[in-house]
Amino acid sequence: MPCMKWIEDNIRYPKNCIAEGVHGRVIVSFVVAKNGEISKIKVVRSPDDRLSKEAIRLVKSMPKWNPAIHEGKRVNSLYNFPVMFRLN
């Protein structure tokens, strides 16, 4: 899955969170516009504000998405997207 590979390559786990053992899933909500651009990014759920900030940064830096298509036309669509922070 290209999106997951992109996330693995671009995520920056906050060092202070690693040191403190903070981990978990951040759920980010955003709109993919008709042109594929991401907007209206907000955190729905998160174990820590520092992880939230990194998840928002990550989503903002994502390449354009393929927009949703409804009845043959491109449409705006809302996504809830999980960003996982796992300690090894």
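**Close-up views of an aromatic cluster and its surroundings**

Phe-30, Trp-65, Tyr-79 and Phe-81 form one aromatic cluster. The model is predicted, with local features needing pLDDT of at least 70, side-chain atom pairs counting only at pLDDT 80 or more, and totals for chains, interfaces and linings using all residues. Residues are numbered from 1 along each chain as its sequence is written, and side-chain values use heavy atoms, leaving out hydrogens and water.

**View 1. The pair Phe-30 and Tyr-79.** Rings of Phe, Tyr and Trp (its six-membered ring) pair if their centres lie within 6.5 Å; planes under 30 degrees apart count as stacked, over 60 as edge-to-face and the rest as tilted. By this rule there are six aromatic pairs. Phe-30 and Tyr-79 are stacked because their ring centres are 6.0 Å apart and their planes lie at 20 degrees. Phe-30 belongs to strand 1 (residues 24–32) and Tyr-79 to strand 5, 49 residues apart. Strands (E, at least two residues) and helices (H or I, at least four) are DSSP runs, numbered from the N terminus. Phe-30 has a relative accessible area of 0% and is buried, whereas Tyr-79, at 27%, is partly exposed. Buried means under 20% relative accessible area, exposed over 50%, and partly exposed in between (1.4 Å probe, protein chains only).

**View 2. The pair Trp-65 and Phe-81.** This aromatic pair is edge-to-face, with 5.8 Å between centres and 70 degrees between planes. Trp-65 lies in the loop between helix 3 (49–60) and strand 3 (68–70), and Phe-81 in strand 5, 16 residues apart. Both Trp-65 and Phe-81 are buried.

**View 3. Ser-77 in strand 5 (residues 77–85).** Ser-77 is buried, at 14% relative accessibility. Not counting residues up to four places away in sequence, Ser-77 touches Phe-30, Val-31, Val-32 and Ala-68 (contact: heavy atoms within 4.5 Å).
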